[in-house]
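Hello,

Here is the structure we spoke about, followed by notes on what was found in it.

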Amino acid sequence: MGTGRRKKLHFSKIYSFKCGRAGFKDDHTQIGGPGFSRVVYCNEPGCFEAETRNYAGNYVRSTKYTAASFLPKALFEQFRRVANFYFLVTGVLAFTALAPYSAVSAIIPLIIVIGATMVKESIEDWRRKQQDIEVNNRKVKVHQGDGLFSSTEWKNLRVGDIVKVEKDEFFPADLLLLSSSYDDAVCYVETMNLDGETNLKLKQALEATSSLHEDSDFKGFKALVKCEDPNANLYSFVGTMEFGEQQHPLSPQQLLLRDSKLRNTDYIYGAVIFTGHDTKVIQNSTDPPSKRSKIEKKMDKIIYFLFGVLFLMAFIGSIYFGIVTKEDLDGDSMKRWYLRPDDATIFFDPKRAPVAAIYHFLTAVMLYSYLIPISLYVSIEIVKVLQSSFINHDVHMYYEETDKPAHARTSNLNEELGQIDTILSDKTGTLTCNSMEFIKCSVAGIAYGRGVTEVEKAMAKRKGSPIVVNGKQDLEDSADSDSKSPVKGFNFKDERITHGNWVNEPRSGVIQDFFRLLAVCHTAIPEVDEETGKVSYEAESPDEAAFVIAARELGFEFYKRTQTSVSLNELDPVSRKFIERTYDLLNVIEFNSSRKRMSVIVRNEEGKLLLLSKGADSVMFERLAINGREFEEETREHVNEYADAGLRTLILAYRELNDEEYKAFSEKFAEAKNSVSADRETLIDEVAEKIEKDLILLGATAVEDKLQQGVPECIDKLAQAGIKLWVLTGDKMETAINIGFACSLLRPGMKQITINLETPEIKALEKEGEKNAIAKASKDSVHQQMNEGKALIRASGSEAYALIIDGKSLVYALEDDMKNMFLELAVSCASVICCRSSPKQKALVTRLVKLGTGKTTLAIGDGANDVGMLQEADIGVGISGVEGMQAVMSSDIAIAQFRFLERLLLVHGHWCYRRISSMICYFFYKNVAFGFTAFLYEAYASFSGQPAYNDWFLSLYNVFFTSLPVIAMGVFDQDVSARFCLKFPLLYQEGVQNVLFSWRRIIGWMFNGLCSAVIIFFLCTKALDPQAFNKDGKIAGLEIVGTTMYTCVVWVVNCQMAIAISYFTLIQHIFIWGGIGLWYIFLLAYGAMPPSFSTTAYKLFVESLAATPSFWVVKLFVVISALIPYFSYKAIQMRFFPMYHGMIQWIRHEGQAEDPEYCNVVRQRSIRHTTVGFTARSMARQNRVKDRNQNHR
Amino acid sequence: MDAVAMYQFTQQSLPACKPVLTPAWVTTTFFLVGALFIPIGLVSLHASHSVVEIVDRYDSECVPDLFKSNKVVYIKDMSIHKNCSRHLKVHKHMKAPIFIYYQLDNYYQNHRRYVKSRSDQQLLHGLQHNDTSSCTPEESSNGLPIVPCGLIAWSLFNDTYSFSRGTHKLRVNRKNIAWKSDRNHKFGKQVYPFNFQNGTLIGGGKLDPNIPLSDQEDLIVWMRTAALPSFRKLYGRIEEDLNVDDVVVVNLLNNYNTYSFGGTKKLVLSTSSWLGGRNNFLGMAYTSVGFSSILVAFVFLLLHVRNPRPYGDTSCISWNRKSISS
């Protein structure tokens, strides 16, 4: 193995590691004390001492329940819901003499409902279990003694085992790194699953163990590790290792965490320190906050309201019952003697009428329980699961490139998607691809590159004109603009430069220097694919990679880096052949945010010393030499142009150094670098400052921070739908503003209110370093800036403003006394951009918007830094992109691309909102309608608690005869099709304004239920009693009247549904008519059972109802009459006061959807004035042109 | 399911009918409702009118003047004869069969205590069935079980009627007045009344202990509890026609106590139609709803023609109103 080991350069020499080797610091004295008691016997996990420790195994369980705890735990969860608990109580009471119906009939619906929920719960848990099994049975190589390693399952690992992990494998537990395939025992770790960062982390073992390269080396290996107890801190680890009679301090540098992955390293050996639930990653995993949608919270209120109504009804009934019961016995004379009031049980005892009334109250509460829809919760859960599966299966939200469909991870927030008022979006990876593309450059004052940015595409599409770039009509380019550029990170198109043509350009020398600088001045590491010879790069940042790739594509292929040199394959302008050139790398002066530039000092093959530098225009132009400003003017112009097009620019410049100068610098630089004082950074900066001057300008680069596909269109649609978009990014203000322009969140002519702390006074204070003074001055400054902003907005009426605030100011703006002011200001701006914000601030802003405005917020992000925001928002949407799974894991819904948000919100969100709210309203309707017939009947039965219906009719009402159509509505109903949802984005406002679930509408539906109940009850009783029921002179008794009424209720409730929905597929037909059919089938089947079971329903349908014309005639009349009020209401509303979806239905129905002008009329009216997006942008431009024209006249 | 349908299903684009309540649909529907309801209503009304019904309330008239102020004492006094005769004039030809009903008002046969106080098992199996706890307080008397037990049976209606036209006695058929399923499957053929009305407090009628319950149709009819506090129960049938201006003399025994609770008693003679007894309500309701829906259709049509619809006018949508006002 030793021979195959790659003798790679020691990266420790290039990077200055922040976390160096641990010395015995204070922490280490605590070892052995409380909190630091762990002792690991490496390589002898089975020894006696280790056994006595009894550390947990490596088996990991993520399931909610175990086989034993499932029943009690799941039941407890269920009965925490008030409604379910109520039904449990009534179910228990049903076993007493209080019950108006039989106990079995009362308990069965509850069992069905609870059972269904528990089945769902258990299926979900079973899935988690499968995942656990997969993870626990992964294989790893473990030392079995005698230097032999063999595979075993993860779950069998014990603390102290020595394991060998190979390239691209996950670490099975928290390991102590002992050695790796590299000589200096380093290894690369990808911690994407932990923190979402994609860059590789370097870990290094102790020198003492670094020589254990072979399996056989572990034959007699023994070490004792004492370390901290399991904890959740990912970035700390304190311990000591006793090895070879010596104590070695351990630091996080030696700890490999479970769920991270070994990269770029062939293998490592490690000792298991923490297993299973002791590992840091599992200690770290907290249960995500459980979110409930606003609609569900409101639904709870409605249920409480209904409980109120129920108790009121029961109360009224009890009082009446008490009075009547008392009157039954007057001394010795009985009034209603047939009830034997003289010999009554307590429930009917006139002598103790108040007690009887109280008992009756309980009976009534049980009897009117049909007001509360027992199956509501379970139906909603079923519906939401199905809705989620529609979201998951939507082909329009499937991203082919990464094979990722949308994934609704939690199903209980679907309807919330239809009510989003504000979207808080991350930038990198969400709006942008996090891939930089070298797209343009300006060399020697000449602009090159004809690539087209996403923004330009969107604008052009909107205008319908071909794109004009560099004075040429780029027809070809716009035609194939959708096809990906062949090389990732490179989208440079200019035949003057590509294919080596640059040698023919007038200033080819400058161009050569320019690209050479790009190829040399960076910190990327090349990786040569041995088979194809292709070079790829590992770079710190994507822009850096883009530069190296650009240089490679244009003939300056960087292929090798050693500790001291950089090697290129260069195109020689004279011979037009590739020649190898090696530059001695002398120094790297790294990039940091205050310097805003990076430089390298190299010696070329001719022996010339060169300082190559690239940096932001703000710092570079001032460092140019007087003779180096030849192209300054043109370059500045180009840089501004690029910035306007949303591109990131860097200025490239160089200078030649002479030996003395370099020598002086080199000494000072080394001194500064080696200094250990706190101001080391400043020292380095100062030294570098002195040499990075008198530069000669070469040109500028423009890199597109590529917007994800379709982002501008999506933002435009969302803006038209009235959704506000805030961008919260960790990026610099300039970048953020660039992207703001790129996404049309900002546009020329929009007034920007910028709040930052870059004022000279504060900078001066910062230098002095007085913290309190800084804080005070900063706070005052932020306060003042916000006040100014507010005054500005107040002064002007309808103009659109943008608020841009940076992280430092945000610290003060989010303080308790200022946050409301900040919110007020932010809400009155059309777009808000917070830059340089930390993850915590992102979460705080989200909370502020959520609580401050009370509106629904959606956060969207892709990285670990967005997790807080995603969890804080009402809905977190994770982008399942490149930046790890952290955001996705903590999101509620994962999508692959930002643009899918449009469909997710405008189509699925709208539908789900509409479905769920209609469904809940309808649920209450059907139960009020049913419950009130029972109540009205009571009024005619002296409130004695006698139900009008047979026990089983009562109990199966909710579960069988009326629930399927509601579920069908909740799953399938559409007011308008997806196409129209997208065409008329304002439709979305129905959800934001919550018009479909307003109290008015809810009460309206309940009132409708009341009307239906009254109509059904009175029409049925008046029509059936007291005369003969059929030709045979038979009379309609309780069972016939009750059953007829019940049949009417079932019909009315199901037909009501048929009127209410506007989308009939075969499924709806089956469920609605099937529900009614089921009732008849049940009536037949139930009636055919022996009379001891079917009691009053025995042969009822066959003998009494079916053959009797008056049953059918009465039913027809009652059903249609009960539907007329709602039908009239809906017809009048649809014709004279249509809601927005109604209008769109008109448009569709009348076939005017294809008439663009007509649609525009409807749409135009819906576009708000101060909004963002390119529609608004082009409208603003038109208005300006119009104004100008008018002024001319 | 084939692939296309499955795709349409998952993409929520199944072929669907998307009804829109256009004025045409609305008016058509209302017209149709009218067109359907008016004829049905007229037919129902006709059916109802074809039924001849004689209703005679006799509860107060049958109390001797002496007891008018204290009817309860009268009805409870077993020594007083409760004979009473009523003269009913036939105002229209009545075709046989003529159904005889008694009607009680303000009688809560649907009271929960009352409805529950019976034992279906005992009615079917008699004394073999011991558990009659549901029958309280008429479960047993003098230590012996009662068959049939329970309040309903105990309070059996016991007024009796006999009819004569002139001197000719009208035969009353009291068979087949109960539902067949009750007679055959709910009341035992081998179950005989036992220890019935032997308690200290006598409720309603007595039963012949030699006739099995399945033949005691009075009881069976009575045991099917009524839905509302005003109800009729079938007493029997007169199986010959009654002519106009015939006077039917009813001899009745006014035994049943409705005086304690202020109830009334009526005797009803009625023919029947295909729709049952005489009740104009259904026909009237049908026709009036029918006419009003035609009216609504016209009004709607008129409004529709008068007010052209402002296409795409979103000004009346709630959120726009809000933003204008704020």
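Chain B of this predicted model has an average pLDDT (the predictor's confidence in each residue, from 0 to 100) of 87, and 94% of its residues score at least 70. Residues 321-326 of chain B fall below 50, and beyond near neighbours in sequence this stretch makes three contacts in the model (heavy atoms within 4.5 Å). Where pLDDT is low, the predicted coordinates should not be read in detail. For the complex, the predictor gives an ipTM of 0.95 and a pTM of 0.82.

On the backbone, most residues other than glycine have a negative phi, and most peptide bonds are trans. Exceptions found here:

- Ala96(B) to Pro97(B) is a cis peptide bond, omega near -5 degrees; Pro97(B) sits in the loop between strands E2 (83-89) and E3 (98-105) of chain B.
- Val147(B) and Pro148(B) are also joined by a cis bond, with omega about -15 degrees; Pro148(B) is in the loop between strand E5 (144-145) and helix H6 (151-154) of chain B.
- Ala444(A) has a positive phi, near 50 degrees, and lies in the loop between strands E18 (432-443) and E19 (446-448) of chain A.

Helices (H or I, at least four residues) and strands (E, at least two) are DSSP runs, numbered from the N terminus.

Residues are numbered from 1 along each chain as its sequence is written, and chains are lettered from A and ligands numbered from 1 in the order written. Local features need pLDDT of at least 70, side-chain atom pairs count only at pLDDT 80 or more, totals for chains, interfaces and linings use all residues, and side-chain values use heavy atoms, without hydrogens and water.

Regards
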